[in-house]
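Subject: Structure handover

Hello,

Here is the structure for you to take over. My notes follow below it.

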Amino acid sequence: MTVIEVRELVPSEYREWDLLVEKAKPGTLFHTSDWLETYRNVLSKDLRIYGCFRNDELVGGCPLFVRNFKGILKMASSTSNMIDYCGPLVKESSNTKASKRVQETHEIFDALRKFLCRQDFDSIHLRFSPGIEDIRPFTWNGWDSKVHYTHHLDLKENVDNKISRTIRKDLKSVLKAGLETKIWDDLETYYSLLSKTYERQNLRPPLPKKFFENVFDLIRKKDIGYMLVSETPEGEAVAAHLTLYGKESTIGWSSVRNPSFNLRGSNALLYYNEFLDLQSRNFEYMNVMAGNIPKFADYITGFSPNLVPYYSVTLENKRYSILKALHKIVA
């Protein structure tokens, strides 16, 4: 068995990390140093990227955001606001034997798990990307696990053959009303719709405007996505989608709309035209992140996507569990 060394990467090694993200099949834009550093810089988060090395080669790792709660608890999580999964990655094995590939993955995950357990965290939460199915090195060692869901819409198939009667009706109504879609690079339009979406629920946006300024800058500089907008014949934007690019797929990262616009279908028009556009650019599927909220999940099934599970694992020490239980009682 080859010894796996785990240590925190220094910023000069982030380029090597990004190359791993690019090669690892479950690697996503959320794993990239550009995306992670945006959280660190705008939100003053304690970001740590841990790398797993075999014979000085980076073969795996995991980004973590670390938070100290009132000097009492030290918590680590691979997720943050609007990052649904950004957990451990493993370099794809070139071994042709399934048993050897499993062994290599387990060696890396075991080394990472043991390392994290030595960091004096009171709680550790890791959420894996869709595509990583074997989390046994964690569950076999006392970590709790949970299953989550997303939807993949197959862009190799005819979209018209898969949409429901309700979606067709919604599309017909908004087209009759003259709604159109366009690609629009305008932060103010997006943030205005985002704010209205949350104001309707008496909530503040999940991230400050400065964060989205950085995201739009990244989109322009690195060509990592685009915004599609539904607008009325008068030019009023009533809904928008921010879509991010992957290697073979895209991620429907953020969907916002003006809740005061009563006509159904503005979102349906966005999804429909977005699917056609991405299909024309030879993306294989779109990851529609709407599988864990019943209302959104029911809506997106109107496009007949494939349901895809992904997993998270959590480890909590006794102090964290006791304080969490007391907090629930007080609350």
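Which residues does serine 77 touch, not counting residues up to four places away in sequence? They are Leu64, Phe65 and His125. Contact here means heavy atoms within 4.5 Å.

Before the rest, the ground rules. This is a predicted model, in which local features need pLDDT of at least 70 and side-chain atom pairs count only at pLDDT 80 or more, while totals for chains, interfaces and linings use all residues. Residues are numbered from 1 along each chain as its sequence is written, and side-chain values use heavy atoms, with hydrogens and water left out.

Serine 77
Serine 77 sits in strand β4 (residues 73-77). Helices (H or I, at least four residues) and strands (E, at least two) are DSSP runs, numbered from the N terminus. With a relative accessible area of 17%, serine 77 is buried. Buried means under 20% relative accessible area, exposed over 50%, and partly exposed in between (1.4 Å probe, protein chains only). Its side chain makes a polar contact with the side chain of threonine 79, at 3.1 Å. A polar contact is a pair of N or O atoms within 3.5 Å; within protein, one must be able to donate a hydrogen and the other to accept it, and residues adjacent in sequence count only if both atoms are side-chain atoms.

Overall
The protein has 10 helices and 13 strands. The C-alpha atoms fill a box of roughly 65 × 55 × 35 Å along the principal axes. Buried residues make up 50% of the 331. Of the contacts with a separation of 6 or more, 73% come from residues 24 or more positions apart.

Helix α1
In α1 (residues 14-23), Tyr14, Trp17, Asp18, Leu20 and Val21 are buried. They cover an arc of only 155 degrees around the axis, so they lie on the same side of α1. The arc is that of the directions from the helix axis to the C-beta atoms. Arg15 and Lys23 are exposed on the other side. The buried residues of α1 pack against α2 (33-43), β2 (46-54), β3 (57-69) and β5 (89-90).

Aromatic pairs
Rings of Phe, Tyr and Trp (its six-membered ring) pair if their centres lie within 6.5 Å; planes under 30 degrees apart count as stacked, over 60 as edge-to-face and the rest as tilted. The count is 24 aromatic pairs. Phenylalanine 30 and tyrosine 85 have ring centres 6.2 Å apart and planes at 65 degrees, so the pair is edge-to-face. This pair links distant parts of the chain, 55 residues apart: phenylalanine 30 is in the loop between α1 and α2, tyrosine 85 in the loop between β4 and β5. Both are buried. Phenylalanine 138 and tryptophan 143 are also edge-to-face, because their centres are 5.0 Å apart and their planes are at 75 degrees. Phenylalanine 138 is buried at 0% relative accessible area. Tryptophan 143 counts as buried at 4%. Ring pairs also link a cluster whose members include Phe30, Phe65, Tyr85, Phe212 and Phe216.

Leucine 187
Leucine 187 is in helix α6 (residues 187-199). Its relative accessible area of 12% makes it buried. Leaving aside neighbours within four places in sequence, leucine 187 is in contact with Lys209, Phe212, Glu213 and Phe216.

Best wishes
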